[in-house]
Amino acid sequence: MDFIIEGIFRSWQLIFSLDREIFSIVLLSLRVSLTATILASFLGIPLGFLIAVREYWGKRLTIAIVNTLLALPTVVVGLLIYSLISRRGPLGVLGLLFTPWAMIIGQFVLALPIIIALTYSAVQGIDKKVRNTALTLGATDYQAALTVIREARYAVLAAVVTGFGRVIAEVGAAMILGGNIKDSTRVMTTAIALETSKGEFGFALALGLILLLVAFSVNILLHYFQGKKV
Amino acid sequence: MSEKIVEIKSILKSYNKKVVLDIDYLSFQEGKIYALVGPNGSGKTTLLNILNLLIRPDQGKIFYFNQEVSWARKEQRIELRRQMTLVEQSPYLFNTTVWNNLAFGLQARKLPYSMQKERINRILNLVGLSNFQYRKVNQLSGGEMKRVALARALVLEPRLLLLDEPTASLDQRYIDILERVIKRVNQENKTTVLITTHDLSRAYRLAQEVVSLLEGKVIREIPENIFRGEMIKNRKGNCLKITEEVSFVIGTEKEGISYIYIDPRDIILSLQSFQSSARNSFLGKIVKIVEQNHLVKLEVDIGVLMVVMITKESFQDLRLNLGRSVYLTFKASAVKLY
Amino acid sequence: MKKNILITSVICLLLLTTFLINFGLTESIHLKLATTTSTENSGLLNILLPPFQEKYNLKVDVIAVGTGKAIALGKNGDVDVLLVHDPEAEKEFVENGFGVNRREVMYNDFIILGPVNDPAKIKGIKDAILAFKKIAEQKYFFASRGDASGTDKKEKNIWKLAQINPEGDWYMEVGQGMGTTLQIADEKQAYVLCDRGTFLAYQDKIELRVLIEGDPLLFNPYSIIAVNPALYPQVKYEEAMQLIAWVTSITGQKIIREYKIEGEILFHPVAIE
């Protein structure tokens, strides 16, 4: 119990003191996770859409694979990417390991199946109806496809938010790929892990509360857009 | 003589090896109102989708203005589709404002904004939704949504308007508005209207020509013994209540108001009541006798009028005449949903 | 349609800025130092590294992992320099050509902790091996890191010297970092081998007591090794050598000697006799 009270107290202290280190950690977390989510959205939304609207051989298998990837442990993703971008790996020459980009790649891989799967289910439910309506009103195939996405926008937005929620809270991939380097790749979750290993439970909990607060703010922001948009 | 707007020849369409549409020839003339009648599953909706070039038939040819379009390229199909529109039985409204729904097709046609505005306001006025431009569709009632869907079609000023069951599950007030609007655009714009319906009386009232479909085929005659009734459950099982006195035991389970028909050849006529597996048996009086080749068509009043077909031989054996009391017996499975 | 163009351009802008922001993150020269969690947690590097970074105008990225993993990172050429405490693995690392210029930097010591009532009665014994034997004989709870870290290897080594193969319910391999292992030992009232730095950081949070210290076997020597540039040309060998020179210099060694937590000296420099 003491930790919790201390944590709440410390988190307020940290937020209001505008501690430079905390500030840069929060900022880096947002930067990495938002970039990963945005990139995953750019690939995942069209992919989810295509899987939903196209009939092709192996469609069920694709869906089963994507759904399986939802359960991918973050540490495993971290290790797989590590083996690719390590100096000994095929992409070693790029020197990506222990940079924010390495974390972005890891979180991208984590967010992608979520965004694909949720976009797929959002689009699949409305696709035929919306597409036919758009076509009967004289839309081109391309316009009809855009209309389907637009009609699924709230559900697709929810997919993006869910993806963001997973990556901002994950620690395994960020730890392995980023290395938790102070002032360089230390994000909120790896900082929490570090403070916990140092026994600074109150401080760790405070960071946890700040993470929740950040995630909450992002959600509120998106909710606001949802309400605003026609 | 007005021009044929659309013609179809030898159309065949099947789903999962089951033929849903098999039409030798059908044509529609510009400026007329057509009613397409037939029971559920008779292929009405499939025909509308084929006419709107949304689905391709497995075989056959489609002509618009005497030009074959069966294998038209994408651009040409879109161009053609922009001269007509289809309102589905339960139309989908885009989750936005009424205005944006109406503007959708106009924007696809790249109409200038001033014209969009003029048309949208005029059509909303026509369907009685003048102040609804900026309402969100999820705040509308069912009837209002149907009118928005109709308005969204009319605003395009199509040459061919395809309406799938526009009157289904709606109250009389809206049906009146709908019929008035359809007649008006037909007269003012020479719009060809093709409307599917269950309701024969409405079809005859509204349309200049009625096309009847049954199991995917165009039939010359409209089936006898069509009744409208309410589905109820009583001690006999699932019933269709036609009047206070008359109700038919029916094989299928459905709710609400339905149309059914009974093939006159499926009805057994007898002088005495007899025990059988057939669930429907009624006592009535013969009110009309018409000879047709080797068959005799009888009209029997059992509280409602029913048509029965029997052979000349049976007619003579039973010594039937006008006013004679007879029993009509038929199975629950003979009562078919229309 | 105008709205669509607006949305598209906003998205493009968003994408562009995220790229720019992230590429801007890595400008100056970064030297990657893999070290152990216990070193990082002790706080020594926060004092030792800043003057070096200032002097040579570069940044040292500290990657704190277990010794086993730190050495693996070095073998894969993913870091430039190691500061670790597992002499045997270090020697093997150098002999196999992965590392060059290994220098001993400092040592601290391991201690054996246990419950206040000390059921195995090991307090005051000067011999770590004997203490381990006593614990194993009576099967008192013992918490082991079990993560191939430097501390874990030291512990396994002591068991080996005691000719005991620790097995059974009493021997808990927790597979976690030192901090977590200490907490588990505290909750279970178990004996545990711990480095002094972590214990000092945790002493307020646990009830375990120092029971054995000072056995030369428990000394914990730290070495610094550069990753072999002949094997991985990309490694920043020159900067790594500068760091090695710095921590073994008179100034560097002085900083190590004077570093204290709550009045206790943590590390003893050994580079200059």
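What follows helix 4 of chain B? Gly128(B) does, and its phi is positive, near 75°. Helices here are DSSP runs of H or I with at least four residues, numbered from the N terminus.

Before we go on, some ground rules. This is a predicted model: local features need pLDDT of at least 70, side-chain atom pairs count only at pLDDT 80 or more, and totals for chains, interfaces and linings use all residues. Residues are numbered from 1 along each chain as its sequence is written, while chains are lettered from A and ligands numbered from 1 in the order in which they are written.

Back to helix 4 of chain B, residues 113-126. The expected span is 1.5 Å times one less than the number of residues. For these 14 residues that gives 20 Å, and the end C-alpha atoms are 20 Å apart, so the two agree.

Now, what is buried? Ile120(B), Ile123(B) and Leu124(B) are. Buried means 20 or more other C-beta atoms within 10 Å of the residue's own; exposed means 12 or fewer; C-beta atoms are placed from the backbone.

The face turned away carries exposed residues: Ser114(B), Met115(B), Glu118(B) and Asn125(B). Covering the buried residues are, among others, helix 3 (98-108) and helix 5 (142-154) of chain B. Contact means C-beta atoms, placed from the backbone, within 7 Å.

Last, chains A and C. Their contact takes 23 residues from chain A and 25 residues from chain C. On the chain A side, helix 2 gives the largest share, four residues.

Conventions. Two residues are in contact if their C-beta atoms, placed from the backbone, lie within 7 Å. Helices (H or I, at least four residues) and strands (E, at least two) are DSSP runs, numbered from the N terminus.
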